Amino acid sequence: MQYDVAGILLAGGQGQRMNWELPKQFIRIAGKSILEHSFEALSSPLNHSLIVVTVPSEYVSLAEKILGQYKNAKVIVGGNSRQSSTRAALSRSAQFVNKKNRPVWISATVIASTVISPRTN
């Protein structure tokens, strides 16, 4: 099924509580960054529609490098808050928000039902 939607992946956190050199979305787990795991978890159930990814300005090039293999990724600079990052992404016509950079806790079924539900009501 082809969806006429786009998604938002908010990956703008600085990861200060992690006390790592890089924000947590760039930490590698099981051979991929958390950002890439999250992107794949969101992209697949949306049938590879456009995914707008917000990141801190100093990490745009790193995010573009990580997500460069995905033709449906659009990396943009996020805002100073989750709300302003969401607003920036929405201005790029995205319609679905994954507000947590947590690939393990979001399923294809949840994403698909969220995308389908508004169209059936």
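Is Thr 54 buried or exposed, and what is its relative accessibility? In this predicted model, Thr 54 lies in strand β4 and counts as buried, because its relative accessibility is 0% and the limit for a buried residue is under 20%. Leaving aside residues up to four places away in sequence, Thr 54 touches Leu 9, Leu 10, Ala 11, Gly 12, Ile 76, Gly 78, Ser 85 and Ala 89. One of these contacts, Leu 9, has its place in strand β1, which covers residues 7-10, and with a relative accessible area of 0% Leu 9 is buried. Although Leu 9 and Thr 54 stand 45 residues apart along the chain, their C-alpha atoms are separated by 6.4 Å.

The nonpolar residues of the model were examined next. In soluble globular proteins, nonpolar side chains tend to be buried together. The largest nonpolar core holds 17 residues, and of these Leu 35, Val 53, Val 55 and Leu 67 touch the most other members. At least two residues of this core are supplied by each of α1, β4 (51-55) and α2, and the element that gives the most is α2, with 4 residues. Another core, of 5 residues, lies apart from the largest one, and its members include Leu 10, Val 52, Ile 76 and Ala 89.

Aromatic side chains were then considered. A pair of aromatic rings is described by the distance of the centres and the angle of the planes. The count in this structure comes to 2 aromatic pairs. In one of them, the rings of Phe 39 and Tyr 70 have their centres 4.9 Å apart and their planes at 45 degrees, so this pair is described as tilted, given that angles under 30 degrees count as stacked and those over 60 as edge-to-face. The pair links distant parts of the chain, since Phe 39 belongs to helix α1 (residues 34-43), whereas Tyr 70 is found in the loop between α2 (60-67) and β5 (73-77), 31 residues apart. Both Phe 39 and Tyr 70 are buried.

A feature of the backbone was found at Ala 30, which has a positive phi of about 55 degrees although it is not a glycine. Ala 30 lies in the loop between β2 (28-29) and β3 (32-33), and with a relative accessible area of 72% this residue is exposed.

Finally, the confidence of the prediction was considered along the chain. The mean pLDDT of the protein is 77, and 70% of its residues reach 70 or more. Confidence is highest in α2, at a mean of 96, and lowest in strand β6 (residues 96-98), at a mean of 51. Over residues 116-121 pLDDT stays under 50, and for this stretch the model has 5 contacts beyond four places in sequence. Where pLDDT is low, the predicted coordinates should not be read in detail.

Definitions and conventions. Residues are numbered from 1 along each chain as its sequence is written. This is a predicted model: local features need pLDDT of at least 70, side-chain atom pairs count only at pLDDT 80 or more; totals for chains, interfaces and linings use all residues. Side-chain values use heavy atoms; hydrogens and water are left out. Rings of Phe, Tyr and Trp (its six-membered ring) pair if their centres lie within 6.5 Å; planes under 30 degrees apart count as stacked, over 60 as edge-to-face and the rest as tilted. Buried means under 20% relative accessible area, exposed over 50%, partly exposed in between (1.4 Å probe, protein chains only). A nonpolar core is a set of buried Ala, Val, Leu, Ile, Met, Phe, Trp, Tyr and Cys residues joined through side-chain atoms within 4.5 Å. Contact means heavy atoms within 4.5 Å. pLDDT is the predictor's confidence in each residue, from 0 to 100.
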